[in-house]
Amino acid sequence: AMACRIPAAAQKDFCCDAPLTVVVGENAELVDLYGGQEDLAAGVLRCVGEPTKRFEEDALRILRCVRFAVQLGFDVEEETRRALKNCRERLAMVSRERCAAEWIRLLECGMPIQNGLALIREADLWPFVLPEAPAPFDEIAVLRAAALPPEAPLRIASILLSTHYIYRKETSQPLDVTALAHRSCRALKLSNALTDRIAKLACVDVQQAIPTDAVTLRRLMASYRELTP
């Protein structure tokens, strides 16, 4: 929420299709009403104004906030962090396709994702990114999924397997992971091809092949490629 007040003498250089790399010059005034420069320097994400109002305007901003925190490597300011959970039910009014798109972008981010997954767990956002999963996602599962390469099918399969293990441990009942994968992916309205790939990877049990070394990683990606159309 920052703007630049351009001197009248320089405005002639700013047409509607001016590139973002145009240098304004020393006389241009930066308008920063919300402390954006300080937050950028400190690596902090903060809603402009009252977080609850911002999330009520568009609840998808809840998931987008988590994704930005991952992509930028930023922390989320405390009031904004509390609002993620307090406003979570409003995500039910957002289309599943939009939620799924943000979720997949987060999982495929090349940056470390464990903090983002921890934020999702803290704010109890799992019903909106992993519907139909019967058990909570624990800290160990966060680390397992984060250790995998930035491929959404691999990471989703790993998370689904974690819910399966937790469910089996807590209830002593078996769980059909393939059926769970299909239910969750269909609830997110993912494509049939992506749904089938995730279900097959869950059967391979990617959790047993966390890439702690180069050899394990090559084997994992080889099995992944075999399941990729």
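## Basis

The model is predicted, so local features need pLDDT of at least 70 and side-chain atom pairs pLDDT 80 or more, while totals for chains, interfaces and linings use all residues. Residues are numbered from 1 along each chain as its sequence is written, and side-chain values use heavy atoms, without hydrogens and water.

## Overall fold

The chain has 13 helices and four strands (DSSP runs: helices H or I, at least four residues; strands E, at least two; numbered from the N terminus). Of its 229 residues, 44% are buried (under 20% relative accessible area; exposed is over 50%, partly exposed in between; 1.4 Å probe, protein chains only).

## Core

The largest nonpolar core holds 57 residues (buried Ala, Val, Leu, Ile, Met, Phe, Trp, Tyr and Cys joined through side-chain atoms within 4.5 Å). Leu84, Leu91, Trp103, Leu117 and Ile198 have the most contacts inside it (heavy atoms within 4.5 Å). Leaving aside residues up to four places away in sequence, Leu84 touches partners including Phe55, Ile62, Val76 and Leu125.

## Helix H9

Helix H9 spans residues 139-147, and its buried residues are Ala141, Val142, Ala145 and Ala146. They lie on the same side of H9, because they cover an arc of only 130° around the axis (taken from the directions from the helix axis to the C-beta atoms). Their cover includes helix H7 (114-122) and helix H10 (152-171). On the other side of H9, Ile140 and Leu143 are exposed.

## Strand S2

Leu30 sits in strand S2 (residues 29-32). Leu30 counts as partly exposed because its relative accessibility is 41%.
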